[in-house]
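Work through the exercises below with the structure open. Try each task before you read its solution.

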Amino acid sequence: MNEKQTILIIEDDKAISNFISRALTASDYRAIPAGTGREGLSLFFSHGPDLVLLDLGLPDMDGLEILSQLRGLPREAPVIIISARDREAEKVRALDMGADDYVVKPFGVSELLARIRSALRRADRLKLSQGIQRTVYQIKDLTIDLSKHQVLLGGEEIHFTQNEFKIIELLAIHAGKVLTYDFILEHIWGPYGGSGSNQILRVNMANIRRKLKENPSEPKYIHTELGIGYRMLDD
Amino acid sequence: MFRYFQDLYHWVDIQGHRIPAVPRNLGITALFLCAAYCASGILITHTGGENNSALVFVLAVALISLLTSGYFYGIAASIIGALCINVYFMEPYEAFSLSRTGYPVAMLSMVAISCVICALTARVKKQATEAVRREKKAKALYEQNEKLNAEKAAIQLESERVAIRESILRAVSHDLRTPLTAISGTVSVLLESPEVSPKNVAMLNDIKQDADSLIIMVENLLSVTRIQDGTMPLKKREEMLEEVAGDALLTTRRRFPDCRVDLELPEDILYLPMDSLLVRQVMINLLENAIRHSGDSSHICMRLYRREDRAVVEVRDRGRGLSPEVLQAVRSGEAMPLNGDATRGMGIGLSVCQSIIKAHGGFFTAENDPSGGAVFRFGLPTEGAQL
C-alpha cells in the first residue's frame with residue numbers, strides 16, 4: 001500500500017491527543033485529531049479513516065452513542081476504545097457493540113501501536129477474504145485446522161474436548177479481536193449457556209492453557225483481558 | 001387533699017395487684033358485702049321497716065364491680081346482696097320469703113339494676129384501660145416513627161456521602177490519570193524522536209520513570225482510599241487467579257523490561273471470589289517491591305498454589321532480604337514506617353497490600369528465606385468455590 005493509513009483520534013484531552021498524533025505520524029500513519037464527538041463524526045464522514053481511536057469519556061456525547069452511530073454506517077472501520085481501568089462494564093458494552101479492542105488509561109505508546117497494527121491487519125484480512133472463511137489458521141507454531149478438526153502445536157497434535165475446540169475455533173476466526181465472556185458463552189453454549197456465570201468458560205480456558213503449555217504471564221497464543229474476555233494473538 | 005387520695009388509691013392499687021387476682025377479687029367482694037351488711041344493720045335500727053338497705057347494697061355492688069376484674073364478681077355480689085336483703089332486712093327477718101307483694105319485683109329489679117351498673121362500670125373500666133393502652137401504643141408508635149425517621153435520615157446521609165465519595169474518587173482518578181498518561185506518553189514519543197540529543201534522552205528517561213512511578217502511586221492511593229474506611233464494598237467477582245497473576249506480571253514487565261520474573265502455576269485451578277483489580281494491585285506492588293528493593297531483580301518468582309481452603313500467592317526473591325523493621329511491621333499488621341531510606345517507597349506499597357488483603361479476609365506474611373532473599377505470601381479464602 002502506497003497511501004498512508006488514516007487514523008481518527010476522538011479524544012478530548014489535548015495532551016493525550018497530541019502525543020498519540022505524534023506517535024502515529026512517527027509510525028507512518030496519518031493522524032486526524034477530533035476534540036469532540038460531533039467533530040469526530042463529521043471528520044469520519046469527510047475523511048473515511050481506516051481506524052478510529054475513541055475515548056469513551058467525551059464532553060459532548062456518550063462514547064457508546066458515537067460507537068453505535070459508527071457501527072450503523074456502510075463503511076466500517078475498526079474502533080479501538082480508550083477507557084479507564086475501573087470501568088469494566090463500559091468496556092464490555094463497547095466490545096459487545098462492535099469495538100475491536102481497547103486500551104486502558106494510563107497506556108503506553110508501544111502498547112497502543114501494537115493494538116492499532118493488530119486491528120488494521122484484521123481489517124485487511126477481512127477485506128481480502130471477502131467473507132470467505134478460512135479453514136486453516138496459523139499462529140506462530142500453532143496450526144488450527146477447522147475442516148480436519150485438528151490443532152497442531154509444533155507439528156504435534158493436541159487433543160481438545162468438543163467445547164475446548166469450539167472456543168479455540170471462535171478465537172481463531174476472530175483473531176486479533178477481544179471477545180467478551182458473554183460473546184464466547186453465547187456462541188458455544190447458546191443464549192442461556194452461561195446462566196449468569198462464566199465459570200464454565202474460565203475453567204475450559206484454564207484447561208486449554210494447560211494443554212497448550214501456555215503461561216498467562218507470557219501469552220503466545222491467547223491473551224487474557226482481565227475481567228473482560230480473551231483475544232487470540234495474530235502475530 | 002385530692003392528690004393525697006389519688007396517691008393512696010395508687011398505693012392501694014399497686015399493693016393490691018401484688019396479690020393474685022382470684023383471692024384479691026374474692027376479698028374485695030367479701031369486704032364490701034360485709035360493709036354493706038353492717039351499714040344496713042346500723043341503718044335498720046334507725047329507720048325501721050322503711051329501710052334503704054337496697055341502695056346500700058347497690059352502692060356496694062357498684063364499688064365491687066369497679067374494683068374487681070370482669071363481670072363475675074359484680075353479678076355474684078348483686079345476687080348475694082339481694083338474698084341478703086331478703087333474709088336479713090325484710091320482714092320476716094332471718095328467713096327467705098317471697099310471700100309479700102312486691103318482694104319478687106323488688107328483688108328482681110335490684111338484681112337487674114346491680115347487673116346494669118356492673119356492666120356499665122365494667123365497660124367504663126374497659127374503655128379506660130383501652131384508652132390507656134391506646135395512648136401507650138400511640139406513644140410507642142410515635143417514638144418508633146421518630147427513631148425510624150432519624151435512621152432514614154442517617155442512611156440517606158450515608159448513601160449520599162458514599163455517592164459523593166465515589167464521584168470524587170472517579171473524578172480524581174480521571175484527573176490524575178489523564179495528565180500522567182499524557183506526560184508518560186509524550187516523553188516516550190520524544191524518546192523515539194531522532195531530534196533529541198543523547199544528553200536530553202537521559203533527562204527524558206528520568207521524567208518517564210518518575211511519571212510511571214507516579215502512575216503506580218496514584219493507583220495505590222486510589223485503591224487504599226476505596227477500601228480504607230470500609231464504606232465502599234469490594235467489587236468481588238469469581239476470578240481465575242492465574243489470569244490475574246498473568247496480567248500483573250505483564251504490567252510489571254512493561255515497566256521493567258529488563259528484569260526476569262517467573263510465574264509458577266498450580267496443577268489445579270484456583271477460581272475464587274475477589275476484587276481482581278485490587279488483588280492485581282497487590283501482586284504488582286510485591287513484584288515492584290522485589291525488583292526495586294531486593295537488590296537482585298533477576299531471580300524473582302511468583303508462585304500460586306492451594307493450601308487448605310486458601311489460594312496462596314508467593315513472591316520470592318534472592319536479594320538482600322527484609323530489615324527487622326519491615327518484618328516487625330508486617331507481623332504486627334501495623335502501618336509501615338514510611339520514613340527512612342530503607343523503606344523508601346516500600347512502605348506505602350506494602351501498607352496498601354496489607355489493607356487490600358485484610359479487606360478480602362485473607363492473610364499477609366513476610367519472612368526472610370534462610371537461604372537468602374525475601375518471601376512475601378498472601379492467601380485468599382476460596383469460600384467454597386469448589387472445582
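Predicted model: local features only at pLDDT ≥ 70, side-chain atom pairs only at ≥ 80, totals over all residues.

Residues are numbered from 1 along each chain as its sequence is written, and chains are lettered from A and ligands numbered from 1 in the order in which they are written.

**Exercise 1.** Find the order of the five strands in the open sheet of chain B, and explain its edges.

*Solution.* 
- Start with the terms. Strands (E, at least two residues) and helices (H or I, at least four) are DSSP runs, numbered from the N terminus. Two strands pair if DSSP finds at least two bridges between them.
- Read the order: β2-β4-β5-β7-β6 of chain B, with mixed pairing.
- Look at the edges. In chain B, β2 (261-264) and β6 (363-368) each have a single partner strand, so one side of each lacks a neighbour in the sheet.
- Zoom in on one pair. Seven bridges join β5 (residues 310-316) of chain B to the antiparallel β7 (residues 374-381) of chain B. Here B:Val315 stands opposite B:Phe376.

**Exercise 2.** Describe the side of chain A that touches chain B by class.

*Solution.* 
- Count the residues in contact (C-beta atoms, placed from the backbone, within 7 Å). Chain A gives 26 residues and chain B gives 35 residues.
- Find the main supplier. On the chain A side, α1(A) has the largest share, six residues.
- Sort by class. The chain A side has 13 nonpolar, seven polar and six charged residues. Ala, Val, Leu, Ile, Met, Phe, Trp, Tyr, Cys and Pro count as nonpolar, Asp, Glu, Lys and Arg as charged, and the others, Gly among them, as polar.

Technical notes
Contact = placed C-beta atoms within 7 Å.
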